[in-house]
Amino acid sequence: MQHCHRLAGEGRDFGPDLSQMEKKYTRAQLLDNILQPSKTIDPQFVAYSLECKSGESHVGFLIKRDSTEAVIKEATGTQTRVLATDIAKLEAQKLSLMPEGLLQSFTAQEAADLLEFLTERR
């Protein structure tokens, strides 16, 4: 969790803040989002692929795009700025940056405990 999300002020500020999940989703919706992260992606967490004319590429969330530059927030937390004149291709991805199969190594009880933990602040 701490690699991509924040919870109670701790972790990496990349994916959605898990402290707010219980306000936004039911348990069933949370489980569905974990099991199928690409099924429904919040617009602010759509992944973008940016290819530079130099051949360099970046993947992350599009923070800004205007006539002068694009800014991508990568999973490392780094914000990469690329001048508009240096962009070869910038496109939204259909797949979430959250990987599929996160619960494969969990027992049913561990998955239930995770859902309880994420929703206990109601």
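Predicted model: local features only at pLDDT ≥ 70, side-chain atom pairs only at ≥ 80, totals over all residues.
Local features need pLDDT of at least 70 and side-chain atom pairs count only at pLDDT 80 or more, while totals for chains, interfaces and linings use all residues. Residues are numbered from 1 along each chain as its sequence is written, and side-chain values use heavy atoms, with hydrogens and water left out.

**Overall fold**

The protein chain has three helices and seven strands, taken as DSSP runs numbered from the N terminus (helices: H or I, at least four residues; strands: E, at least two). Read from the N terminus, the order of elements is β-β-α-α-β-β-β-β-β-α. The C-alpha trace spans about 50 × 25 × 20 Å along its principal axes. Of the 122 residues, 31% count as buried (buried is under 20% relative accessible area, exposed over 50%, partly exposed in between; 1.4 Å probe, protein chains only). Among contacts (heavy atoms within 4.5 Å) with a separation of 6 or more, 49% join residues 24 or more positions apart.

**Aromatic cluster**

A search of the whole structure finds two aromatic pairs. Rings of Phe, Tyr and Trp (its six-membered ring) pair if their centres lie within 6.5 Å; planes under 30 degrees apart count as stacked, over 60 as edge-to-face and the rest as tilted.

| Pair | Centre to centre | Angle between planes | Class |
|---|---|---|---|
| F14 and F61 | 4.4 Å | 25 degrees | stacked |
| F45 and F61 | 5.3 Å | 80 degrees | edge-to-face |

F14 lies in the loop between β2 (10-11) and α1, and F61 in strand β4 (residues 57-65), 47 residues apart. F45 is in the loop between α2 and β3 (47-52), 16 residues from F61. F14, F45 and F61 form one aromatic cluster. F14 counts as buried because its relative accessible area is 5%, and F61 is buried at 6% relative accessibility. F45 is buried as well.

**Two loop residues**

E74 sits in the loop between β5 (69-73) and β6. With a relative accessible area of 18%, E74 is buried. Apart from neighbours within four places in sequence, E74 contacts F14, H58, V59, G60 and T80.

D86 belongs to the loop between β6 (79-83) and β7 (87-92). Its relative accessibility is 37%, so D86 counts as partly exposed. Not counting residues up to four places away in sequence, D86 touches E51, C52 and K53. The C-alpha atoms of D86 and S54 are 7.7 Å apart, although the two residues are 32 apart in sequence.

**Largest pocket**

The largest pocket has a volume of about 820 Å³. Of the 32 residues that line the largest pocket, H5, P16, L18, M98 and L102 are the closest to its centre. Two or more lining residues come from each of α1 (21-24), α2 (27-35) and α3 (108-119), and α2 gives the most, with three residues. A pocket is an open set of points on a 1 Å grid over the protein atoms alone, where a 1.4 Å probe fits and protein lies on both sides within 12 Å along at least five of seven lines; lining residues have an atom within 4 Å of a point. Grid points are joined across faces, edges and corners, and the volume is the space filled by probe spheres set on the points.

By class, the lining of the largest pocket has 21 nonpolar, eight polar and three charged residues. Ala, Val, Leu, Ile, Met, Phe, Trp, Tyr, Cys and Pro count as nonpolar, Asp, Glu, Lys and Arg as charged, and the others, Gly among them, as polar.
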